[in-house]
Amino acid sequence: MNTIIEPFRIKAVEPLRLTTRQERQHALRAAGYNLFGLDADDVIIDLLTDSGTGAMSQEQWAAIMRGDESYAGSRSWFGFSDRVRDIFGYEHIIPTHQGRAAERILFSLVGEPGKIIPNNTHFDTTRANVEHSGARAVDVVADAGRDPATELPFKGDVDVERLRRLIVEAGPEKFPLVMLTVTNNAGGGQPVSMANVRAVSELVHGFGIPLYFDACRFAENAYFIQQREQGYRHKSAREIAREMFALGDGCTMSAKKDGMANIGGFLATNDADLAARARNILILTEGFPTYGGLAGRDLEAIAQGLDEVLQQDYLEYRIASTTYLCDHLHAKGVPMLRPAGGHAVYIDAAGFLPHIPKAQFPGQALACALYEHAGIRGCEIGSVMFGDNAPMELVRLAIPRRVYTQSHIDYVVESVLEVFANRGDLRGYEITWEPPNLRHFTCKFQPLSS
Ligand SMILES: *Cc1c(COP(=O)(O)O)cnc(C)c1O
């Protein structure tokens, strides 16, 4: 049997509104051709992000009813912190309303001008929080991680030699910590191998520098290690996750990803002094240390989600679904970032639309065409988002957890292939208005006539 089925059936149904092409053309024009400006009700298949968009299980909804909303020392807090400690292994746990709040607290404590924070690839909020503290964010992913076409199992790996040189040249005292993002979201959702984590851990600990994880997709990363790295085939994702976290000293986490919840996050650390200072900031801006920015019911949903995300049948289905989408498009000649990431697939828009120059935003043209043709919302990750610094022109299709079925994914495959067959008709865009920074969220476009 080849078919990997969804390991769940559907109990509550959220209707999709099936729009016409004409309605979508109207909505697109009204949004200034910026997909962030659409009403979500006008989207049929929403692949804008996998963050907070997943479906919760019956056990999570039941746990929500059991939420204890006591201000201090609630039952839900003890359940949550026990679960986090069991999987991540770190002593001190600081709940936050989402991942970037954990980042802000961590980097406001360890970052300052003159300090350097290396990471395989900083996610945009991580980089922004590092830079906001005055520290410098440096990406040290190995070269393969910057090349869309190379088929390698662990394209999230750090170039350990480059990291060693960076530390030796600047001096270890400049490095309050080194970070590893698992999986590497900004680098195509590519995993980091256990061997690489171990090498980074030995290197930085040799210099007395702590290692922290940006752990948002730790379960997907553990599954890739189980499937692709020698010696892990018979270990559970939970055992692999524990082994990996034991090589570090703490983590930041967005529970909107592998927490399987719609909101939430945390900072975890073995450093008691750092934790005490983090709790002071937490009380100032997020809430009392036994709930952070969360309700008791949110803590319950996350505790349950962290258990479900490590289940083998879930992970098998999750990665099969992303891989299926990427492989089917790749087989029909659509230029893709390879291999498929854990949470998303990335279409190489520059290869898809070679007649549209970078300055006319091929990624935007493709994202708009997919919406107009089929009501699918993806996300441009290229010159609109990064300006002249864009390393690639990509359209990301992120897959929300447990939300769409096989036939939804087949619909996405067919729609992309139809747009691909008529790609010569697509035209570029120009920007007619933009804000001073993070322009991709709000800028307005106009299609070019030729
Ligand atoms: C989403 C994400 C964050 C930030 O988390 P939020 O919950 O969106 O604030 C940080 N790092 C990575 C790798 C992420 O994917």
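The model is predicted.

**Backbone exceptions**

Start with the loops. Threonine 183 sits in the loop between strand E5 (178-181) and helix H7 (194-206). A cis peptide bond joins this threonine 183 to valine 182, with omega about -20°.

A cis peptide bond also links arginine 338 and proline 339; here omega is about -15°. Proline 339 belongs to the loop between helix H12 (312-331) and E9.

Methionine 260 stands out for its phi, near 60°, which is a positive value in a residue other than glycine. Its loop runs between strand E7 (250-254) and strand E8 (265-269).

**The ligand site**

Which residues come nearest to the ligand? Of the 15 residues around the ligand, they are Arg100, Asp214, Arg217, Ser254 and Lys257. By class, the shell holds two nonpolar, seven polar and six charged residues.

The table gives the distances.

| Residue | Side-chain atom | Ligand atom | Distance |
|---|---|---|---|
| Arginine 100 | polar | oxygen | 2.7 Å |
| Asparagine 185 | polar | oxygen | 3.0 Å |
| Serine 254 | N or O | oxygen | 2.7 Å |

On its own, the ligand has 380 Å² of accessible area, and the protein covers 98% of that. Two or more residues of the shell come from each of helix H4 (99-110) and helix H5 (124-132). H4 gives the most, with three residues.

E7 and E8 run antiparallel and are joined by five bridges.

The sheet as a whole is open. Five strands form it in the order E2-E8-E7-E6-E5, and the pairing is mixed. Strand E2 (92-96) and E5 stand at the edges with a single partner strand each, so one side of each has no neighbour in the sheet. From one strand to the next, the twist averages 15°.

H7 packs on this sheet, where it touches E5 and strand E6 (211-214). The direction of H7 makes about 145° with that of E6. The loop that holds threonine 183 lies between E5 and H7.

**The three-stranded sheet**

Another open sheet has three strands in the order E9-E12-E11, with antiparallel pairing. Which strands stand at its edges? They are strand E9 (344-348) and strand E11 (379-381). Each has a single partner strand, so one side of each is left without a neighbour in the sheet. Neighbouring strands are turned by 30° against each other on average, direction ignored.

E11 pairs with strand E12 (residues 394-398) in the antiparallel sense over three bridges. In E12, valine 395 is the bridge partner of glutamate 380. Strands of a sheet pair through backbone hydrogen bonds, either parallel or antiparallel.

This sheet carries a helix too. Helix H14 (residues 362-374) packs on it and touches E9, E11 and E12. The direction of H14 makes about 40° with that of E12.

**Where the parts meet**

Note on methods
Residues numbered from 1 in each chain as written. Predicted model: local features only at pLDDT ≥ 70, side-chain atom pairs only at ≥ 80, totals over all residues. Heavy atoms only, no water. Near = heavy atom within 4 Å. Polar contact = N/O pair within 3.5 Å; in protein donor to acceptor, adjacent residues only side chain to side chain. Areas by Shrake-Rupley, 256 points an atom, 1.4 Å probe, with all protein chains shown as cover. Helix = DSSP H or I, 4+ residues; strand = E, 2+ residues; numbered from the N terminus. Nonpolar A, V, L, I, M, F, W, Y, C, P; charged D, E, K, R; others polar. Pairing = 2+ DSSP bridges. Axes fitted to C-alpha atoms, helices over the stretch in contact; angles between N-to-C directions. Contact = heavy atoms within 4.5 Å.
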